[in-house]
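Hello,

Here is the structure for your first look. Please open it alongside the notes that follow.

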Amino acid sequence: MHVEGAKRLDFDYLEKFMVDCFLAAGCPEKESKISASVLIEADKRGIDSHGIGRLTPGPYAPIEIVKETATTAMVDANMGMGLYVGPYCISRRYPAWSWPLQRPKKSGLGFVACRNSTHYGIAGYYTSMACEKGCVGFAGTNARPSIAPTFGVEPCMGTNPLCFGIPTDEPFPFVIDCATSICQRGKVEKYARLGLPTPKGMVIDKNGEERTDTEGILKGMVKGECALCPIGGVGDELGGYKGYSWSVVVELLSIAFQNGDFGEKLTGVDAQGKPAPMSLGHFFLAIDVEAICDLEVFKKKSGDFLRWVRSTGKDPNGPGRIWTAGEAENDFRQKRMSEGGVMVPPALLKEMTMLREDLPAIKEKYPKFCFE
């Protein structure tokens, strides 16, 4: 969608700016690069709600391994940025990182629960990493309460993405990464940046009315007066209870292992309405395919099924194509990589200039942006 005043920014330039912002905020170089890679990957995949728009340099804190077994671990992020905590939990990029992606090769699977963390970007980043290692990946996180339960109007659960990654023999894995609400807060924020109304059916207010006024919705969400609808929508006629229940699953896996916070403690404000930290929980599971069967056979069978689904009869009123999860993101990635960058709307360009004013090191390094 074309936005008046938007500028195309080169991915390398944008990622370097992100790294520099994290560095300027006191984050170590290695963690700064990891954090930027998570955000830029969202922009490359066309998930604009979780890319440069989520650039909020936060505090750095050392990660603590609280408990560990041959196949599991509990990690305490100590309220550091989830953007480097998430990769720590799923990867082995540092010599000290030994799970869960290493554990499957020894025991068949690895599971990590994480407590006291913050927003960790797109969940698909982590399941894609599992797929690259020949594993089936499963990841999730809770978030600020924003989804109303079926027949309720009060925000109780976060948008709580439920994400699976499955290796295939295609150039991209099958990755389903989506909120358990019809949309996530980031999409409403995107509508605000674009000056668009929120489609009807996505948001309900305390009076049971479906809202479309984007700016009013964002203000109402902060006050707890508006809530996102679960997948399936309002009530139970279209299966809203299914999305609601899946959101509860993610919430439980994000707080029960972690003895974590939920509800009012995750609203981002205290009883006096002042900003307060939100302690989030994450979970990561990786299952080694080769511990069960031949990896190439698994990948081919997965690919054969997905190709068959895409080849089946098309809706004559539709776009003439069937997608499987991960395919659209791969299409976006190929297109944007060929274009060399992403179109950044005026609102985000303004946020970049504001970050420059807030961080002296950035002002010194970027006296003039490429789009100025």
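Predicted model: local features only at pLDDT ≥ 70, side-chain atom pairs only at ≥ 80, totals over all residues.

Why does A291 count as partly exposed? Its relative accessibility is 49%.

Where A291 sits
A291 is in the loop between β10 and α9, the helix at 295-311. Now find C135. A291 and C135 are 156 residues apart in sequence. In space, their C-alpha atoms are 9.6 Å apart.

Strand β5
C135 belongs to β5, which covers residues 135-141. This strand is mostly covered, with seven of its seven residues buried. Look at which way they point. C135, G137, A139 and T141 point one way, while V136, F138 and G140 point the other way. Side chains in a regular strand alternate between the two faces of the sheet.

Its partners
β5 pairs with β10, residues 280-288, through seven bridges. These two strands run antiparallel. Within this pairing, G140 stands opposite F283 of β10. Four bridges join β5 to β6, residues 162-166. That pair is antiparallel too. Here F138 has F164 as its bridge partner in β6.

Finally, turn to the second largest pocket. It holds about 240 Å³ of space. It is lined by 13 residues, and the closest to its centre are P145, P155, G224, E264 and T267. By class, the lining has six nonpolar, three polar and four charged residues.

Best wishes

Methods: Residues numbered from 1 in each chain as written. Heavy atoms only, no water. Buried < 20%, exposed > 50% of the residue type's maximum accessible area, 1.4 Å probe, protein only. Pairing = 2+ DSSP bridges. 1 Å grid on protein atoms, 1.4 Å probe; cavity = no way out; pocket = protein on both sides within 12 Å on 5 of 7 lines; lining within 4 Å. Points joined across faces, edges and corners; volume = space filled by probe spheres on them. Nonpolar A, V, L, I, M, F, W, Y, C, P; charged D, E, K, R; others polar.
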